[in-house]
Amino acid sequence: MIVHPKNKEPKETLRFSGIAASRGIAIGPAYRYFRTLLYAEDRTLTPDEVGHEIERFDTAVQKARQEIEKVRRVAEQKVGTPASSIFEAQMMMVSDEFILSTIRQRIKHDLKPAAYAVDIEFSAHQHMLETGDNPLMRERADDVEDIKQRLLRYLLDRKKWLSKIDVPSILVAEMITPADAILFARSSVLGFAIDGGGVTSHVAILARSLGLPALVALHSAAEHIETGDIIILDGERGELIVSPDAETLKGYEQEQSYVLGSGVDLTGPLLEEDAPASRTEDGHPIKLLMNLEFGSEVAIVEAERLSDSTAASGGGKRLGLGLVRTEHFLLLHDDFPTEEDQTSLYRDLAERFYPAPVTLRTFDVGGDKVLSGSYREDNPFLGWRGLRISLDEPDLFLAQLRAILRASARNNVRLMFPMVTNVDELSRALAFLSEAKESLRSTGEAFDEKLPVGIMIEVPSAAIMAASFVPMVDYFSIGSNDLTQYTLAVDRGNDLISTLYQELHPAVLKLILMTAEAGRNGGKPVSICGELGSYPLATPLLVGMGIEEISVAPSALRALAARIKLLNYQECKDLAKRILSNSFSPEDVKRQILEFLSARQLIDPFSETTLRSGFGARLIKR
Ligand code: PEP
Ligand code: MG
């Protein structure tokens, strides 16, 4: 229960939308954090000042190293080694002899003050990262800013930033650094609401590792918020609500405890005898798997830790990966990785999760994931993307297929093709797979002869024709992110039309149902790996439509498992039947689900929150 601080006039409610970088819902007072950026002024040193400036610079570097090491240790304790490696990278940057000696040169030969030399040298480095083609590198520019500010603070004689809060609060700021995120996590921070940043920023990664909800790209929300304002940070729908009215607050509090499964322990109820399955209250099993978001060690270990914790809780089986977006590995390379590089990457994953399944999807480049230097298309989402590229580049495709096969020797790898639109494409892909198998057989290389092969159902044509694919595959996996954008002609990453991006549109649901039925009739399991799988309102519908496996981001798993346990399979089937036979709009679908959840006392359907925010207008960027 949130109580308004004394002597504070209730303010008008404000709503801001941002990008949900870490899921969950936080409710509490704001803590407004100001991190002013420091800049240095230029002047010309007199020759006798040079020695002292170089000394000050060297001391500043020493101090920065000590501070980063301290933060690294706290991070290691809080989020484990992989995430704390962010600070190892910062340490390497601040120890980079090339940069340090260039700065000393600027002081000595150009007679620039140490602070100014630091400012221009690190800013140049930052600019290079920001303007590069690689989006991951662009985000790393924030780390350079962090180091620069640390050095400037010392050189300009400014006070330390205070990364501490006394009352459990939601941190609101224009920007924070990874170090701020870690240091605030030592006191009772409930979540992060940041004007800048992106989903792959280090702050976002750390928030996910810390299990704290975070919104980024809120643009200019921070300037409207003061410390003590009550806010709802909705990391499910990407919304920040400042000074909510009592009804909205009540709706969120109810939702937080029931629908999002807050406070539910993942260990224990998630595991059954023989599989990481969650069961509805009447015993219907739904297998749970995880999506691996990108090829960083941090994300892998985050998922692995969750997998381990399920095994440790007594069931003996680990959670596997329902979708590995292999194309994210490409962002880390300038070129396509070799077959050897890929084999060791995929093998490493297969080993780490063994005996749980690891679903490797072949490269889904194109669309909004354009590689540097590649051809620019007017309409990339409808262009050269996914399997289309693989089929046009046989050498690259064969190298990837051979690498996936070579990683499959212990029989826990599954192969998946993205962006399949017709049977012919799949036949051609399967022919390449046979060729890859044959070449491995001829050299006696071990692989899984029965490697399960599945396709993403993410284009309407594939869903409509699902039955024709049945004899050719071992499973289907519904890619609701693309299925929604292609069915509704709404670009999934365009915030101008994000309210039209309705995953619960009856047209999308009908395609999902067609796929589920085709799979069931043909004896092939159907899973979902798009965002819809972690969308609280969709859970009863997916269960009711007969989806057997749901693969979600690791951070969404706990809540999903908790929700499934609260549902009754028979009731979900009835709900799905009702909705699919008589809904005309997404609002209609939502209303029926809300009524259903309300009848089971899982949510308050008539709260402002749930109805107004509509559970749908989210940006799904890849
Ligand atoms: C999807 O389209 O739903 C999906 C899971 O694939 P991606 O988000 O990588 O396009
Ligand atoms: Mg997709």
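Predicted model: local features only at pLDDT ≥ 70, side-chain atom pairs only at ≥ 80, totals over all residues.

Biologist: Which polar backbone and side-chain atoms lie by an oxygen atom of ligand 1?

Modeller: One reads such pairs by their distance and by the part of the residue involved. A polar backbone atom of Asn-481 is 2.8 Å from an oxygen atom of ligand 1, and for a polar backbone atom of Gly-479 the distance is 3.4 Å. From the side chains, a polar atom of Asp-482 lies 2.9 Å from an oxygen atom of the ligand. Taken alone, ligand 1 exposes 290 Å², of which the protein buries 100%.

Biologist: Which residues touch the most other members of the largest nonpolar core?

Modeller: The general idea is that nonpolar side chains tend to be buried together in soluble globular proteins. In this model the largest nonpolar core has 96 residues, and Leu-349, Phe-417, Leu-504 and Leu-541 touch the most other members. Helix 17 (residues 506-522) gives the most to this core, with seven residues. Leu-504 has contacts beyond four places in sequence that include Leu-509, Leu-532, Tyr-535, Leu-541 and Ile-593. A second, separate core of 61 residues includes Ala-114, Tyr-116, Val-118 and Ala-181.

Biologist: Is Glu-549 buried or exposed?

Modeller: The test is relative accessible area, with under 20% taken as buried. Glu-549 has 11% relative accessibility and therefore counts as buried. This residue belongs to strand 17 (residues 549-552), and its side chain makes a polar contact of 2.9 Å with that of Arg-414. Among the other residues that Glu-549 touches are Lys-287, Leu-289 and Val-526.

Biologist: Where does Thr-177 lie, and why is Thr-177 classed as buried?

Modeller: Thr-177 is in the loop between strand 4 (169-173) and helix 5 (178-186). Thr-177 is classed as buried because its relative accessible area is 2%. Leaving aside residues up to four places away in sequence, Thr-177 touches Arg-35, Asp-146 and Val-203.

Terms used:
Residues numbered from 1 in each chain as written. Chains lettered and ligands numbered in written order. Heavy atoms only, no water. Polar contact = N/O pair within 3.5 Å; in protein donor to acceptor, adjacent residues only side chain to side chain. Areas by Shrake-Rupley, 256 points an atom, 1.4 Å probe, with all protein chains shown as cover. Core = buried A, V, L, I, M, F, W, Y, C linked by side-chain atoms within 4.5 Å. Buried < 20%, exposed > 50% of the residue type's maximum accessible area, 1.4 Å probe, protein only. Helix = DSSP H or I, 4+ residues; strand = E, 2+ residues; numbered from the N terminus. Contact = heavy atoms within 4.5 Å.
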